[in-house]
Amino acid sequence: MTKLVLKGRPVVDGVAEGEALVTRDTISGFGGIDNKTGEIIEVRHELRGQSFAGKVLVFPGAKGSSGWASHFQTARLNKAAPIAMIFKHTTTKMALGAVIVRAPAVTGLDKDPIEVIKTGDWVRVDGNTGVVEVTPAAERP
Amino acid sequence: MAIMILSDDEKRVLDGAEGEARAHAMDLIVRYGKALGADRLVDTNSVCGGFVGALPGRRDVIPENIRGDMEAVYSLLNLDSDKKLSIPPVKAMTYRLIDAMDPDKWQVQRVSEQTREISQSVGEFCSQIGVNRCNTCTPYQVGVVPVFGEHCAWMESSAVIYINSVIGARSNVEGAHSAAAAALTGKTPYWGYHTPEGRRGTHHVRIEKVPETMLDWGLLGYWIGEKVQDRVPVLTGIDHPGNPNFYKHFGAAAASAGGVEMYHIVGQTPEAPTAEMAFSGRALEGELLYGPAQREEAFSYFSTATETKVDFVKIGCPHASLEQVRQVATLLDGKKLHAETDLWVFTPRQIKAIADRQGYTETIENAGAHLMSDSCAALSKVYPAGVRVAATDSAKQAHYMPAILKFQTWLGTTEQCVDAAITGEWRGGLS
């Protein structure tokens, strides 16, 4: 097993693990996601048509309208939210959104998560300690 | 790593000395502050928030058993509490942003009776807890004007960029929950644009094509937002003050294109008497030049429309000023709209009251157009039936309309937009 361990700053408490969905594009709430399905709907987004529901979402951060947390709260209430979040850029939208999604979240990792985590990898996010463990897709149990 | 230090008063509220709702709100503010990496909170007495129980998309998610119970809905949608809290009056002066409809024109807006009822209950609940129902995205146009240096907790990106940059007040862009929690506690995390270092410039934008019209300012804002994303641009080369309309459009465009929350115009805005002061030693992250080619590039971003027959013209994003309402009235004076084209102008209720008195409203409505308040086409999702092609004078609205309402959208000057409403044809373009 070549498990990769990353260390960062805890943002939201809790521990969760699951399949990663990774993007280089920031995500918008209003006009960016379908909060019923967790699908990305923004026209020029590289994940357009894919859903983050039940995934560990790895992304640069939040953009767009100040309703970001509200849209992600709606996704959570529709059971379409990510189960954990790993992001790079801290903004008010991102921080509040992470709190409202109520899923473990970590930022400020010692390696660029968008470079080292691939979609489909198995990722464990510890929001209490800031530790992220990545098992490559090929080696998943 | 930052550790949050709370004052004795803050701890007391967190421990429940002022009841469960304020304790919950304080806990939310503290968790949010920790998520940001803030090490303390700051007092605020100026909060603007979205109290959104009636907005399409949001209300659908309210569990069946609490529909109609606004206190429970507010606990869930504005404070993220699964439990119904007993909501006391707000501590900070708090102002409500856009509502779901115009209470006088809801039928023209094709709002359902059900939505009207929810909107009314949400409104009454706001009054009950002391949230002032401005119902506009531009509270700063209707008397809610912070002073230089004042710590605020405002939502609505176009309003935050305005008060930060033009007035020198200090606010981050809050969300519905952090604004509601700030309203109940009078606290917000001391982070980002509350701190002197967070307000300093990161990008130098040399302006060679100086904006002259509303459209120009919108294009400049949109272009800068695309380029600097959520950083802090410092503009040089503008040697005369803009006006409130220009700054309103410029900021709204920059915020919607990229997430800019603060800018400086050297020699014009209050924290930038000189370029040195605007940057204050912060490392320069980029240098940009805005000339005629960049203006054309900005205009080319708005290419969602191909058909020239226009069904709907929207003016007033952000909500129109009295000057803009007067301009539309002047352009429409004695004219009639094309039979198959609608023109809706959105403005704050207070400005509408003055427009009524001046006769602007009558002139606008005599032409077959509507002057509306309290609402917004894109956010409230109100628009005439059968719209396929729209036109607007706002870069922000032209950004959202194709995505949210699926309209082909033309962007042009106010004159071009009113012309389209009268002729039914888009004859605009960049001059």
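Me: Which residues is B:Ile87 in contact with, leaving aside its neighbours within four places in sequence?
Reply: They are B:Ala21, B:Glu71, B:Tyr74, B:Ser75, B:Leu79, B:Phe125, B:Ile129 and B:Leu184. Contact means heavy atoms within 4.5 Å.

Me: What kind of model is this, and how are things numbered?
Reply: It is a predicted model, where local features need pLDDT of at least 70 and side-chain atom pairs count only at pLDDT 80 or more, while totals for chains, interfaces and linings use all residues. Residues are numbered from 1 along each chain as its sequence is written, chains are lettered from A and ligands numbered from 1 in the order in which they are written, and side-chain values use heavy atoms, with hydrogens and water left out.

Me: What makes a set of residues a nonpolar core?
Reply: Its members are buried Ala, Val, Leu, Ile, Met, Phe, Trp, Tyr and Cys residues, joined through side-chain atoms within 4.5 Å. Buried means under 20% relative accessible area; over 50% is exposed, and in between is partly exposed (1.4 Å probe, protein chains only). The largest core here has 68 residues. A:Phe59, A:Met85, A:Met94, A:Ala98, B:Tyr74, B:Leu79 and B:Ile87 touch the most other members. Helix α2 (residues 20-36) of chain B gives this core its largest share, 9 residues. A second, separate core holds 48 residues, including B:Trp154 and B:Tyr247. In soluble globular proteins, nonpolar side chains tend to be buried together.

Me: Why does B:His370 count as buried?
Reply: Its relative accessibility is 17%. The cut-off is under 20%, so B:His370 qualifies. B:His370 sits in strand β13 (residues 370-372) of chain B. Strands are DSSP runs of E, at least two residues; helices are runs of H or I, at least four; both are numbered from the N terminus.

Me: What joins the side chains of B:His370 and B:Lys105?
Reply: A polar contact of 2.8 Å. The rule asks for a pair of N or O atoms within 3.5 Å; within protein, one must be able to donate a hydrogen and the other to accept it, and residues adjacent in sequence count only if both atoms are side-chain atoms. B:His370 also touches B:Glu365, among others.

Me: What makes B:Lys105 and B:Glu365 a salt bridge?
Reply: Their closest N and O atoms are 2.7 Å apart. A salt bridge needs a side-chain nitrogen of Lys or Arg within 4 Å of a carboxyl oxygen of Asp or Glu, so this pair passes. B:Lys105 lies in the loop between β3 (94-96) and α4 (113-128) of chain B and B:Glu365 in helix α13 (residues 360-366), so the pair ties together parts 260 residues apart in sequence. B:Lys105 is buried at 11%. B:Glu365, at 29%, is partly exposed.

Me: Why is B:Arg199 called buried?
Reply: Its relative accessible area is 2%, under the 20% limit. B:Arg199 forms a salt bridge with B:Glu271, the closest N and O atoms being 2.6 Å apart. B:Glu271 is buried too, at 17%.

Me: Where does the pair B:Lys187 and B:Glu10 lie?
Reply: B:Lys187 is in strand β6 (residues 187-189) and B:Glu10 in helix α1 (residues 8-14) of chain B, 177 residues apart. Their side chains meet in a salt bridge of 3.0 Å, N to O.

Me: Why is B:Pro384 called buried?
Reply: Its relative accessible area is 6%, under 20%. B:Pro384 is found in the loop between α14 (377-380) and β14 (389-392) of chain B. B:Pro384 and B:Asp342 are 42 residues apart in sequence, yet 7.2 Å apart in space, C-alpha to C-alpha.

Me: How many residues does each chain bring to the contact?
Reply: Chain A brings 27 and chain B brings 35. About 2600 Å² is buried between them, 59% of it from carbon and sulfur atoms. Buried area is the accessible area (1.4 Å probe) that two parts lose on being put together, summed over both.

Me: How many salt bridges are counted between chain A and chain B?
Reply: The count is 4. One of them joins B:Asp80 and A:Arg102 at 3.1 Å, within the 4 Å limit. The side of chain A that touches chain B divides into 9 nonpolar, 12 polar and 6 charged residues. Here Ala, Val, Leu, Ile, Met, Phe, Trp, Tyr, Cys and Pro count as nonpolar, Asp, Glu, Lys and Arg as charged, and the others, Gly among them, as polar.
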